[in-house]
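User: I am new to this structure and would like to learn how to read it. Please show it to me, and then we can go through its features one at a time.

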Amino acid sequence: LTKDVVSRRVSPGTRRGFALTEEYAKRLRKSNEDLPKITEHTTMPNTHHNATTLAKKTHKVLKLDATTVPRNQRAPGAGGLPVIEQRLRGHKKEIEAGWERSKFNEYVSDLVSLERSLPDTRPVRCHKAEVLDSLPTTSVIMCFCEEAMSTLLRSVHSVINRSPPHLLKEIILVDDASTAEHLKRDLDTYISRFPQVKILHLPEREGLIRARLRGAEIARGDVLTFLDSHIECNVGWLEPLLDRIGRNRTTVPCPSIDRINDNTFGYESANENMRGGFTWGMKFDWVSLPPKEDDRRHKDIWLQNEIIKSPTMAGGLFSIDRRFFWELGGYDPGFQIWGAENLEISFKIWMCGGSLEILPCSRVGHVFRRANPYKFGEAASRLTVFYRNCIRLVEVWLDEYKKVGYFLFLEPHVENEIANAGDVSDRKRLRDQLGCKSFQWYIDHVYPELIIPDLRAKARGEVKNRAMSLCVDAMHGEKVGAYFCHGEGGQQSFTLRMDDKIMLRWFYSVCLAAGLPVKNHKGAFLLTKKPCTHPDVIAWNHTKGGPFVDQKTGKCLGVVMLTPEERLVALRPCTQQRVQDWTFQNYLVE
Ligand code: LR7
Ligand code: MN
């Protein structure tokens, strides 16, 4: 191996990289000497493009370097730069087809080298950090379903090129029964040149959660590192992760997730002052650091192993001690296709004796997609799959808070889906056996900033005018309408709070308020939406099935017809007629 190859196949020690101890540097050199020689091959193998277009599109092979300076600065995407529009001219059809197939700009991805250089996005202070001389090894597990060839291979190359060989036990690719032809033979041929890469073609679609379990079952590294199949590992990404586990086997570190632009494939640095939270709809959410944490980070700019303790993880990218993963029972194998496993493992890690961290000194880019390139199956939609997974999660881990989860987002679907979510008694038993702490403990100690909505209310659900067969509809924008009742909740779902204000849905802290006078309707005022603490918010007198009377003006909730299409709700002089009577779907206090 030439010196050049060695230097580009290891990751740390570059400008901002962490400090190398002599012992660690020795191990690294040794592991590089043991490397089998690989052939340079960084262009796209022939997949759905015919040979001529491929020849036109592939540029000179880019020699990868792990520093900030690309070798061929003009290659598309080199150095993590966005691919410029000029390159796209005259390719509209192919570009559209690529979006359709992969839900990102696959045409652009195909232009970018499979081994491009990236900007080093680690904070400068990372160079003060040191890692243990002796680190655990890792198996990298990457599941994919209908992934574009170029993103998949770029992911694989980035792992091979930027992981010290002695730490990378193997890469396990799990093909979750993709139907695309190129993900079978072509892929097998391509990766056969890499002895450390194994591929598992699942005969049946398992979904990402069980696919990960299949990969984890055959993994032999000390640590499991899970990655999505459209990522790029940046320089020095691996050592900080393994270092945290080497120091404490119950620590579960995640890299900071940079963004690979889904249109231009530009590599964009992540905002560091964020960590993982969640919504009561059981969705992962980025939240800003609480002031105390933020302060600590700003004051202590030379902080050595800089870490952010995080209540949850996004789900796709993390390392975990292999034995610890199985002690925790892996993932719930009852989870289908996509979703909720990220919160399950987050809650479980914290509640059952571990801890979860984000490491700003470890960077991995991810292509955020707005839609999925794979199907959700015949029986259920994307949403029902997600609901059922949420039900399993909530039943097993949320204790008395499960009511909050159910009420807030899953209604009105929850009733229908509970029966479809499957049996969770095994998972509950597992939690008991592990002796995990309560969800209350998790909130108190890990996520005290979490806002817990007040579940008490006088009434909930749609607000129906029986005489006119209309429902109050929050719509979008300023106005509040009266529409036919669709029964789907959403914008027609309200809460009559204990303070007599009508709030949108269950949680938004937005209430119905008095707005502008209505032209040509004497004494009528439109309704609008304001934060529930705003002085224009209306408190109502109401008894079941009767009128809503504004406590301040004595006016009643009514309907004005502005045009035959536009019906809005308004405050109007009371008439004692049935057209001003309203019924909430559920009255909770008599
Ligand atoms: O049926 C499937 N089989 C699969 O193998 C469906 C998906 N997959 C693969 C897929 O090819 C991909 O590699 O599983 C991986 C994740 O699927 P994505 O990329 O469609 O998911 P996502 O990136 O939109 O969603 C995030 O939340 C998911 C919840 O189940 C997973 O935890 C994803 O790993 C997770 N991704 C990340 O955390 C990356 C950072 C995103 C953020 C924030
Ligand atoms: Mn993803």
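User: How many Å separate the centres of domain 2 and domain 3?

Analyst: This is a predicted model, and in it the centres of domain 2 and domain 3, taken over C-alpha atoms, are separated by 33 Å. Domain 2 covers 382-435 and domain 3 covers 459-587. Domain 1 is made of two stretches, 3-115 + 133-367.

User: What are the overall counts of helices and strands in the chain?

Analyst: The chain has 17 helices and 24 strands. Of its 590 residues, 44% are buried. Contacts can also be sorted by separation in sequence: among those between residues at least 6 apart, 75% join residues at least 24 apart.

User: How do I read a sheet, and what is the strand order in the open sheet of 5 strands?

Analyst: Strands of a sheet pair through backbone hydrogen bonds, and the pairing is either parallel or antiparallel. Here the order is β3-β2-β1-β4-β11, and the pairing is mixed. β3 (197-201) and β11 (318-321) are the edge strands, each pairing on one side only. On average, neighbouring strands of this sheet are turned by 20 degrees against each other, direction ignored.

User: How many bridges join β1 to β2?

Analyst: There are 7 bridges between β1 and β2 (residues 168-175), and the two strands run parallel. As one point of reference, V140 stands opposite I171 in β2.

User: Which strands of the sheet does α8 touch?

Analyst: Helix α8 packs on the sheet and touches β1, β2, β3 and β4 (223-227). The direction of α8 makes about 150 degrees with that of β1. Helix α9 (residues 238-247) also packs on the sheet, touching β1, β4 and β11. For α9 the angle is given against β11, and it is about 25 degrees.

User: Why is α9 described as largely enclosed by the rest of the structure?

Analyst: The idea is to count neighbours: a residue is buried if 20 or more other C-beta atoms lie within 10 Å of its own. In α9, 8 of the 10 residues are buried, so the helix is largely enclosed by the rest of the structure. Among the buried residues are L238, P240, L241 and L242, and also the charged residues E239, D243 and R244. The cover over the buried residues of α9 includes β1, β4, β6 (251-260), β11 and β12 (355-367).

User: How many residues of β6 are buried?

Analyst: In β6, 9 of the 10 residues are buried, and the strand is mostly covered. β6 pairs with β12 in the parallel sense over 10 bridges. Within that pairing, I257 has V364 in β12 as its bridge partner. With β7 (residues 267-268), β6 pairs in the antiparallel sense over 2 bridges, and I260 stands opposite Y267 in β7. β6 and β7 form a hairpin with 6 residues between them. F265, in the turn, has a positive phi of about 60 degrees.

User: Which other residues have a positive phi although they are not a glycine?

Analyst: M475 has a positive phi of about 50 degrees, and D500 has one of about 70 degrees. M475 is in the loop between β14 (470-473) and β15 (481-483). D500 is in the loop between β16 (494-496) and β17 (502-504). M475 counts as partly exposed because it has 15 other C-beta atoms within 10 Å. D500 is also partly exposed, with 14 C-beta neighbours inside 10 Å.

User: Is R388 buried or exposed?

Analyst: R388 is buried, because 24 other C-beta atoms lie within 10 Å. R388 is in helix α13 (residues 382-397). Not counting residues up to four places away in sequence, R388 touches Q336, E417, N420 and A421. R388 and D581 are 193 residues apart in sequence and 37 Å apart in space, C-alpha to C-alpha.

User: How many residues surround ligand 1, and which are the closest?

Analyst: The shell around ligand 1 has 24 residues, and the closest are C143, L208, A314, G315 and G316. By class, the shell has 11 nonpolar, 8 polar and 5 charged residues. β1 (138-144), α8 (207-218) and α12 (341-351) each supply at least two residues of this shell. The largest share, 3 residues, comes from α8.

How values were computed
Residues numbered from 1 in each chain as written. Chains lettered and ligands numbered in written order. Predicted model: local features only at pLDDT ≥ 70, side-chain atom pairs only at ≥ 80, totals over all residues. Near = placed C-beta within 6 Å. Helix = DSSP H or I, 4+ residues; strand = E, 2+ residues; numbered from the N terminus. Buried ≥ 20, exposed ≤ 12 C-beta atoms within 10 Å, placed from the backbone. Contact = placed C-beta atoms within 7 Å. Pairing = 2+ DSSP bridges. Axes fitted to C-alpha atoms, helices over the stretch in contact; angles between N-to-C directions. Domains from an automatic or database assignment.
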